[in-house]
Amino acid sequence: MDKTLTLGIETSCDETAAAVLRGGRDLLSNVISTQIPLHQKFGGVVPEIASRKHIVNIMPVIDEALTKAGVTLRDINQIAVTFGPGLAGALLVGLSAAKSLAYALKIPLIAVNHLEGHIFANFLSAPQLEPPFLSLVVSGGHTALINMTDYNRFELLGQSRDDAAGEAFDKIARVMGLPYPGGPEIDKLAKSGDPDAITFPHPKVTGYDFSFSGLKSAVLNYLNTAQMKGDSIDAADVAASFQKTVVDTLAEKTLAAAEEFNLNKIVLAGGVAANSSLEKTLRTACERRGLEFYYPSKILCTDNAAMIACRGYYQNTFADSTLNAVPNLGL
Ligand code: KG4
Ligand code: ZN
């Protein structure tokens with residue numbers, strides 16, 4: 001078995017993370033220092049605060065990842081780091097650490113696309129998984145359907161034309177007075193609600209593109225109208241009905257793409273993959289159709305450096321010290 005040790009570093013948003021991976025699938029450590037409590041009082045991530053906190057956290061987090069893996073910096077063979085998409089200042093902290101360490105240790109540096117990283121989280125949760133497969137990537141910033149034909153070949157079938165799925169969850173939660181990040185809060189609240197209580201319009205976009213801004217406006221209008229009339233609302237019903245509309249839309253497009261492209265494996269990725277209803281709906285639909293279904297364990301769904309190390313391991317291109325952050329990097 002390949003014993004290459006990859007140090008993964010991730011600082012694209014509000015988690016400072018480092019991980020050590022042996023070979024392609026053997027995760028030795030996965031340390032995540034979350035800044036969520038720090039940003040909660042602002043209702044969302046404040047970029048300047050995130051960058052400053054990453055600076056404080058980055059070296060202790062790397063140290064902890066090495067200690068937990070039972071290795072030292074001298075044992076590391078290569079460093080994989082997120083260079084985009086994400087917040088510019090936040091990305092630069094991880095990049096500076098990775099570039100300095102790679103230079104000092106004279107080891108290769110690998111520039112990882114965060115979105116590709118999310119897909120690779122699945123290889124850690126399911127070591128037997130191999131491409132080709134269809135991946136639905138749903139995060140705070142992106143919603144995309146990808147035909148991954150090989151470890152290094154990604155065909156973008158469609159993506160969101162406006163809000164990402166996670167963004168819609170977060171915005172609606174915020175208006176409902178739920179804490180940041182809103183996705184897990186809506187997920188929790190929806191469990192005690194009726195998903196058929198309110199009919200919200202299904203986004204009408206042809207092909208494999210998505211759009212969630214119309215749905216978001218419909219939910220916000222519903223909440224505003226109720227408030228103006230002084231009507232009481234059932235927050236759990238709103239959460240469940242909104243969530244069902246998002247989940248049904250995501251599942252419909254994913255299953256249609258799997259059929260059209262004749263793919264028998266569906267791989268869920270990104271922070272919204274932690275949504276219990278999305279996971280259950282896709283699992284049931286896949287079972288019915290005889291498709292294999294994969295999704296990462298909860299800790300690997302949201303931002304982490306294990307997925308970055310894994311993506312880096314399979315990537316066959318290297319970066320140098322001129323590597324810069326690309327905040328709006330696409331797939
Ligand atoms: O992938 P991620 O950690 O960060 C980005 O790369 O954007 O995704 C974060 C997003 C947030 O919008 C958060 O609300 C959402 O994932 N999320 C969820 C759940 N857990 C996290 N959305 C719905 N249900 C969840 N259980
Ligand atoms: Zn992410």
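View 1. The model is predicted: local features need pLDDT of at least 70, side-chain atom pairs count only at pLDDT 80 or more, and totals for chains, interfaces and linings use all residues. Residues are numbered from 1 along each chain as its sequence is written, ligands are numbered from 1 in the order in which they are written, and side-chain values use heavy atoms, without hydrogens and water.

**View 2. Residues surrounding ligand 1.** The ligand is surrounded by 19 residues (a heavy atom within 4 Å), and the closest are His118, Gly140, Asp170, Asp187 and Gly271. By class, five are nonpolar, 11 polar and three charged; Asp, Glu, Lys and Arg count as charged, Ala, Val, Leu, Ile, Met, Phe, Trp, Tyr, Cys and Pro as nonpolar, and the others, Gly among them, as polar.

View 3. A side-chain N or O atom of Asp187 lies 2.9 Å from a nitrogen atom of ligand 1. Oxygen atoms of the ligand are placed 3.1 Å from a polar side-chain atom of His114 and 3.4 Å from a backbone N or O atom of Gly141. Of the 560 Å² of accessible area that ligand 1 has on its own (Shrake-Rupley method, 1.4 Å probe), the protein covers 89%. Helix 4 (114-125), helix 5 (165-175) and helix 6 (182-190) are the elements that give two or more residues to the shell; helices are DSSP runs (H or I, at least four residues) and strands likewise (E, at least two), numbered from the N terminus.

**View 4. Cis peptide bonds at Pro85 and Pro181.** The Gly84-Pro85 bond is cis, with omega about -10°, and Pro85 is in the loop between strand 4 (78-84) and helix 3 (88-105). Tyr180 and Pro181 are joined by a cis bond with omega near -10°; Pro181 belongs to the loop between helix 5 and helix 6.

**View 5. Positive phi at Lys106.** Lys106, a residue other than glycine, has phi near 55°. Its location is the loop between helix 3 and strand 5 (109-113).

Key. A polar contact is a pair of N or O atoms within 3.5 Å; within protein, one must be able to donate a hydrogen and the other to accept it, and residues adjacent in sequence count only if both atoms are side-chain atoms.
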